[in-house]
Amino acid sequence: MLATTAPDSPPSRALEVSIDPTVLAAQRGDDLAFAALYDQHVGRVFALCLRLSADSVLAAELVQDVFVRVWERIGSYRGESAFSTWLHRLAVNTVLDGARQGRRRRLRVAIAADFADVTLLDEPATRDAEPGVGLDLENAVARLPAGARAVFVLYDVEGFSHAEIAAMLGIAEGTSKAHLFRARRLLRGMLDR
């Protein structure tokens, strides 16, 4: 038997997610509720920022930026999705916005660093390295060039589609696929040693 809604209720209300009372309290300006939300979500936000930036100091700064934006925009959260989904999207956009702001300034350096990283990856391992020491996946991801790392994290770790990644990064869908292919190839090379 199908559930029906009252004839005078709008159909979109049935599809909305109920808003957590802690979020509602934070929207009303309750500092303790906001602190509770921070404590509940800071770990996952930090992990995302660290994966995208590959720099723990920068990731810590980005976490602060994310929660400043949450503080400023929590009133715009309408409960159309889970709060964690809204926060995740806001965190990804904050990291990508930060990268875009510094992109022009660092473009020449980044291009040179990409070539330097590729050159280093193709060199054979030195004999001085300890044979039992391996490179873990997190370190390998951190060594990827910025563009390839961003697409790898967004696609393989966070589960976004190439179309969504292209829109977020301001690149073509084919470029997103090329970055992912490059990231996977470089990771295989680093981890096979």
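User: Where does Gly-75 lie?

Analyst: Gly-75 lies in the loop between helix 4 and helix 5; helices are DSSP runs of H or I with at least four residues, numbered from the N terminus. The model is predicted, so local features need pLDDT of at least 70 and side-chain atom pairs count only at pLDDT 80 or more, while totals for chains, interfaces and linings use all residues. Residues are numbered from 1 along each chain as its sequence is written, and side-chain values use heavy atoms, with hydrogens and water left out.

User: Why is Gly-75 called exposed?

Analyst: Its relative accessible area is 60%, and exposed means over 50%, buried under 20% and partly exposed in between (1.4 Å probe, protein chains only). Gly-75 is therefore exposed.

User: How do you know that the span of helix 9 agrees with its length?

Analyst: The expected span is 1.5 Å times one less than the number of residues. For the 19 residues of helix 9 (residues 173-191) this gives 27 Å, and the end C-alpha atoms are 27 Å apart, so the two agree.

User: Which residues of helix 9 are buried, and what puts them on the same side?

Analyst: The buried residues are Ser-176, Leu-180, Arg-182, Ala-183, Leu-186, Leu-187 and Met-190. They cover an arc of only 165 degrees around the axis, which puts them on the same side of helix 9; the arc is that of the directions from the helix axis to the C-beta atoms.

User: What is Phe-83 in contact with, leaving aside its neighbours within four places in sequence?

Analyst: With contact meaning heavy atoms within 4.5 Å, the partners of Phe-83 are Val-23, Leu-37, His-41, Val-70, Ile-74 and Tyr-77.

Notes: Helices (H or I, at least four residues) and strands (E, at least two) are DSSP runs, numbered from the N terminus.
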